[in-house]
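User: Could you take me through the strand pairing and the nonpolar packing of this chain, one question at a time?

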Amino acid sequence: MTEVLQPVPALHRPDLLAAATAAALAAWPDGVSAPPVEQVEVAEIDPELADTAAFCARYGVGPADSANCVIVAARRGAETTLAACVVLATTRADVNGLVRRRLAARKVSFAPMDTAVSRTGMEYGGITPVGLPADWPLLIDRAVAEHPRVVVGSGLRRSKLWLPGAALAALPAAEVLDTLGT
């Protein structure tokens, strides 16, 4: 059974946003570098369906229109750097190749769940690039950045954001990379 979602401007429903996501949207840049914040929408979903495959199946969203944000831990010696990678749901982030080289790390792995949750202030399964710590590298696949309207997490499992890929590419610390998603 497919349910139809009715996204609304995200700032009209801050209750559907993680605190960091709401703060990032409230401080959205007003200018030519990013699409207007009014183009960022949110819709409530069943939190049991927050995982991409279940969400897409229930709500009729194609995986090619959905993006995943994964938090990685890049290690070089005793230093660990947390970063986010955003790729379309039809691909996987090239963590051991492109991400490792871009972050100049000896080893890159997915960050432990408790680290990802505590450092982002977001719920696992709902982590979004909107509102991540400003000093984290944010690596975005070009296919996401060029997508006209992509679905990502809201910071909570009970909702999703819809926004132009260009909005993600305009976030602080964002770097658009070719073939991040493989």
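User: How many bridges join β6 to strand β9, and which way do the two run?
Analyst: In this predicted model, strand β9 covers residues 174–177 and runs parallel to β6. Within the pairing, L139 stands opposite E175 of β9. The number of bridges joining β6 to β9 is four.

User: Which residue stands opposite L139 on the β4 side?
Analyst: Strand β4, residues 79–88, runs parallel to β6 and is joined to it by three bridges. The residue opposite L139 in β6 is C85.

User: Are the residues on the two faces of strand β6 buried or exposed?
Analyst: The strand spans residues 138–141, with L138 and I140 on one side and L139 and D141 on the other. Both faces are covered, and these four residues, taken with the cut-off of under 20% relative accessible area, are all buried.

User: How many residues does the largest nonpolar core have?
Analyst: The residues with the most contacts inside this core are I71, L132, L161, L163 and L168. Elements giving two or more residues to the core include β3 (67–76), β4, β6 and β8 (159–163). Apart from this core lies another, of 15 residues, with A83, V95, L139 and L180 among them. The largest core itself has 38 residues.

User: Which residues does I71 touch, leaving aside those up to four places away in sequence?
Analyst: I71 is one of the residues with the most contacts inside the largest core. With contact taken as heavy atoms within 4.5 Å, I71 touches A83, A84, F110, A111, A116, T120, I127, L132 and W136.

Notes
Residues numbered from 1 in each chain as written. Predicted model: local features only at pLDDT ≥ 70, side-chain atom pairs only at ≥ 80, totals over all residues. Heavy atoms only, no water. Buried < 20%, exposed > 50% of the residue type's maximum accessible area, 1.4 Å probe, protein only. Pairing = 2+ DSSP bridges. Core = buried A, V, L, I, M, F, W, Y, C linked by side-chain atoms within 4.5 Å.
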